[in-house]
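Please look over the sequence and the structure shown below before reading on.

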Amino acid sequence: MRKLIFGIIAASALTVVSCGPKSIAVTGPKYTSSEQLAQGKSIFENSCNRCHKLPDPAKHDDQGWINTLSRMAPKAKLTDEQHQMVYDYLISVNKK
(Lines give C-alpha, C1' and ligand atoms only; values in the text may rest on other atoms or scores of the structure.)
Protein backbone atom coordinates (compact mmCIF):
# COMPACT_ATOMS: atom_id res chain seq x y z
CA MET A 1 0.00 0.00 0.00
CA ARG A 2 2.86 2.42 0.81
CA LYS A 3 4.42 1.76 -2.59
CA LEU A 4 1.14 2.56 -4.31
CA ILE A 5 0.70 5.81 -2.39
CA PHE A 6 4.32 6.80 -2.99
CA GLY A 7 3.94 6.03 -6.70
CA ILE A 8 0.83 8.21 -6.97
CA ILE A 9 2.53 11.08 -5.14
CA ALA A 10 5.65 10.80 -7.31
CA ALA A 11 3.61 10.71 -10.52
CA SER A 12 1.62 13.75 -9.39
CA ALA A 13 4.79 15.67 -8.59
CA LEU A 14 6.31 14.87 -11.98
CA THR A 15 3.15 15.99 -13.74
CA VAL A 16 3.17 19.33 -11.95
CA VAL A 17 6.90 19.88 -12.55
CA SER A 18 6.80 18.90 -16.21
CA CYS A 19 3.87 21.19 -17.00
CA GLY A 20 5.44 24.12 -15.23
CA PRO A 21 3.61 27.26 -14.21
CA LYS A 22 1.20 28.79 -16.64
CA SER A 23 0.74 32.46 -17.31
CA ILE A 24 -2.71 33.79 -18.02
CA ALA A 25 -1.63 37.35 -18.75
CA VAL A 26 -2.95 37.31 -22.32
CA THR A 27 -6.62 37.08 -23.17
CA GLY A 28 -6.57 39.03 -26.42
CA PRO A 29 -4.82 41.86 -28.26
CA LYS A 30 -3.77 44.94 -26.31
CA TYR A 31 -0.76 46.62 -27.94
CA THR A 32 -1.09 47.90 -31.49
CA SER A 33 1.49 50.65 -31.94
CA SER A 34 4.35 49.89 -34.29
CA GLU A 35 6.82 50.53 -31.44
CA GLN A 36 5.13 48.00 -29.15
CA LEU A 37 4.88 45.43 -31.94
CA ALA A 38 8.59 45.95 -32.71
CA GLN A 39 9.35 45.34 -29.02
CA GLY A 40 7.26 42.17 -29.18
CA LYS A 41 9.22 40.99 -32.20
CA SER A 42 12.52 41.67 -30.45
CA ILE A 43 11.42 39.82 -27.31
CA PHE A 44 10.16 36.90 -29.41
CA GLU A 45 13.41 36.66 -31.37
CA ASN A 46 15.70 37.03 -28.36
CA SER A 47 13.82 35.07 -25.70
CA CYS A 48 12.25 32.20 -27.62
CA ASN A 49 15.33 31.54 -29.73
CA ARG A 50 17.38 30.75 -26.61
CA CYS A 51 15.78 27.32 -26.26
CA HIS A 52 14.42 26.37 -29.67
CA LYS A 53 14.02 27.36 -33.29
CA LEU A 54 11.57 30.20 -33.73
CA PRO A 55 8.15 28.97 -34.82
CA ASP A 56 6.37 30.44 -37.81
CA PRO A 57 3.74 32.92 -36.59
CA ALA A 58 1.26 31.16 -38.90
CA LYS A 59 1.69 27.96 -36.87
CA HIS A 60 -1.20 28.95 -34.57
CA ASP A 61 -4.31 31.08 -34.68
CA ASP A 62 -4.95 33.70 -31.99
CA GLN A 63 -6.23 31.19 -29.43
CA GLY A 64 -3.42 28.77 -30.25
CA TRP A 65 -0.85 31.46 -29.45
CA ILE A 66 -2.63 32.24 -26.18
CA ASN A 67 -2.36 28.58 -25.21
CA THR A 68 1.24 28.17 -26.38
CA LEU A 69 2.48 31.37 -24.80
CA SER A 70 0.74 30.62 -21.52
CA ARG A 71 3.03 27.58 -21.26
CA MET A 72 6.18 29.13 -22.69
CA ALA A 73 6.23 32.66 -21.20
CA PRO A 74 7.04 31.46 -17.67
CA LYS A 75 9.86 29.27 -18.99
CA ALA A 76 11.27 32.28 -20.84
CA LYS A 77 10.79 34.35 -17.68
CA LEU A 78 8.73 36.95 -19.53
CA THR A 79 6.88 39.61 -17.59
CA ASP A 80 3.16 39.91 -18.22
CA GLU A 81 3.84 42.97 -20.40
CA GLN A 82 6.49 41.13 -22.46
CA HIS A 83 4.17 38.14 -22.81
CA GLN A 84 1.45 40.45 -24.13
CA MET A 85 3.82 42.17 -26.58
CA VAL A 86 5.01 38.84 -27.99
CA TYR A 87 1.42 37.70 -28.43
CA ASP A 88 0.40 40.95 -30.11
CA TYR A 89 3.41 40.78 -32.43
CA LEU A 90 2.64 37.18 -33.42
CA ILE A 91 -1.01 37.79 -34.18
CA SER A 92 -0.21 41.02 -36.05
CA VAL A 93 2.09 39.23 -38.50
CA ASN A 94 -0.21 36.22 -38.67
CA LYS A 95 -3.12 38.26 -40.08
CA LYS A 96 -3.57 37.67 -43.77
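A crossing of two helices is called left-handed if the near helix is turned anticlockwise from the far one by less than a right angle, and right-handed if it is turned clockwise. Helices (H or I, at least four residues) and strands (E, at least two) are DSSP runs, numbered from the N terminus. With these terms in hand, one can say that H3 passes H4 in a right-handed crossing. This is a predicted model, in which local features need pLDDT of at least 70 and side-chain atom pairs count only at pLDDT 80 or more, while totals for chains, interfaces and linings use all residues. Residues are numbered from 1 along each chain as its sequence is written, and side-chain values use heavy atoms, with hydrogens and water left out.

**The chain as a whole**
- The chain has 4 helices and 0 strands, and its pattern, read along the sequence, is α-α-α-α.
- Of the 96 residues in the chain, 30% count as buried, where buried means under 20% relative accessible area, exposed means over 50% and partly exposed lies in between (1.4 Å probe, protein chains only).
- If one takes the contacts (heavy atoms within 4.5 Å) between residues at least 6 apart in sequence, 76% of them join residues at least 24 apart.

**Confidence**
- The average pLDDT of the chain, pLDDT being the predictor's confidence in each residue from 0 to 100, is 82, and 73% of the residues score at least 70.
- Among the elements of the chain, helix H1 (residues 2-19) has the lowest mean pLDDT, 52, whereas H2 has the highest, 95.
- Over residues 13-19 the pLDDT stays under 50, and for this stretch the model has 0 contacts beyond four places in sequence.

**Helices H3 and H4**
- Helix H3 (residues 62-75) packs with helix H4 (residues 80-94) at an angle of about 150 degrees, and their axes are 10 Å apart; axes are lines fitted to C-alpha atoms, for helices over the stretch in contact, and angles run from 0 to 180 degrees between N-to-C directions.
- H3 and H4 are therefore roughly antiparallel to each other, since angles under 35 degrees count as roughly parallel, over 145 as roughly antiparallel, 65 to 115 as roughly perpendicular and the rest as oblique.
- On the H3 side the contact is made by Asp 62, Trp 65, Ile 66, Leu 69, Ser 70 and Ala 73, and on the H4 side by His 83, Val 86, Tyr 87, Leu 90, Ile 91 and Asn 94.
- By class, this contact of H3 with H4 has 8 nonpolar, 3 polar and 1 charged residues, where Ala, Val, Leu, Ile, Met, Phe, Trp, Tyr, Cys and Pro count as nonpolar, Asp, Glu, Lys and Arg as charged, and the others, Gly among them, as polar.
- Thr 68 lies in H3 and counts as buried, at 13% relative accessibility.

**Helices H2 and H4**
- H2 and H4 pack at an angle of about 100 degrees, with their axes 7 Å apart, which makes H2 roughly perpendicular to H4.
- By class, the contact of H2 with H4 has 7 nonpolar, 5 polar and 2 charged residues.
- Gln 36 lies in H2 and is partly exposed, with a relative accessible area of 23%.
- Not counting residues up to four places away in sequence, Gln 36 touches Tyr 31 and Met 85.
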